[in-house]
Amino acid sequence: MNPSRRADAQDLFFAGQTCRVTNVHFDVDGSTHVGLVLDQDPAADLHEGYGPSFYYSPEELEPLGQDGKESPP
């Protein structure tokens with residue numbers, strides 16, 4: 001994760017951590033919002049099933065390669 005737009009303190013604490021995509025939403029303005037749960041969160045499985053998710057724009061996310069490391073640009 002690389003928070004940038006309208007980032008708050010909590011978003012900045014999550015910077016650089018790995019996460020799983022739980023859902024994708026599109027709003028009436030055509031914006032895309034990606035729901036995530038943090039892999040390091042001990043309650044990630046509960047959050048994934050029952051919420052809450054953290055929402056970011058696709059531009060703020062960096063996909064991982066199959067080896068679990070950042071994929072090349």
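This is a predicted model: local features need pLDDT of at least 70, side-chain atom pairs count only at pLDDT 80 or more; totals for chains, interfaces and linings use all residues.
Which residue in β2 is the bridge partner of Cys 19? Select Cys 19 and look across to β2: the partner there is Leu 38.

**The whole chain**

Show the protein chain as a cartoon. Two helices and three strands make up its secondary structure, and from the N terminus on they follow the order α-β-β-α-β. Switch to a surface view next. The accessible surface comes to about 5300 Å², and carbon and sulfur atoms hold 55% of that. Of the 73 residues in the chain, 19% are buried. Among contacts with a separation of 6 or more, 35% join residues 24 or more positions apart.

**The sheet**

Return to the cartoon and select the three strands. They form an open sheet in the order β1-β2-β3, and the pairing is antiparallel. β1 (19-26) and β3 are the edge strands, each pairing on one side only. From one strand to the next, the twist averages 35°. In general, the strands of a sheet pair through backbone hydrogen bonds.

**β1 against β2**

Now select β1 together with strand β2 (residues 32-38). Seven bridges join the two in the antiparallel sense. Then go to the hairpin of β1 and β2, where five residues lie between the strands. Click on Gly 30 in this hairpin: it takes a positive phi near 90°.

Keep β2 selected and colour it by accessibility. This strand is mostly covered, with five of its seven residues buried.

**The aromatic pair**

Stay on Phe 54 and show its side chain along with that of Phe 14. A search of the whole structure finds one aromatic pair, and Phe 14 and Phe 54 form it in an edge-to-face arrangement, at 4.8 Å centre to centre with 65° between the planes. Phe 14 lies in helix α1 (residues 9-14) and Phe 54 in strand β3 (residues 54-56), so the pair ties together parts that are 40 residues apart in sequence.

Is Phe 14 buried or exposed? Phe 14 is buried, its relative accessible area being 11%. Phe 54 is partly exposed, with a relative accessible area of 24%, because buried requires under 20%.

How values were computed: Residues are numbered from 1 along each chain as its sequence is written. Side-chain values use heavy atoms; hydrogens and water are left out. Helices (H or I, at least four residues) and strands (E, at least two) are DSSP runs, numbered from the N terminus. Buried means under 20% relative accessible area, exposed over 50%, partly exposed in between (1.4 Å probe, protein chains only). Contact means heavy atoms within 4.5 Å. Accessible areas come from the Shrake-Rupley method with a 1.4 Å probe; for residues, only the protein chains shown count as cover. Rings of Phe, Tyr and Trp (its six-membered ring) pair if their centres lie within 6.5 Å; planes under 30 degrees apart count as stacked, over 60 as edge-to-face and the rest as tilted. Two strands pair if DSSP finds at least two bridges between them. Axes are lines fitted to C-alpha atoms, for helices over the stretch in contact, and angles run from 0 to 180 degrees between N-to-C directions.
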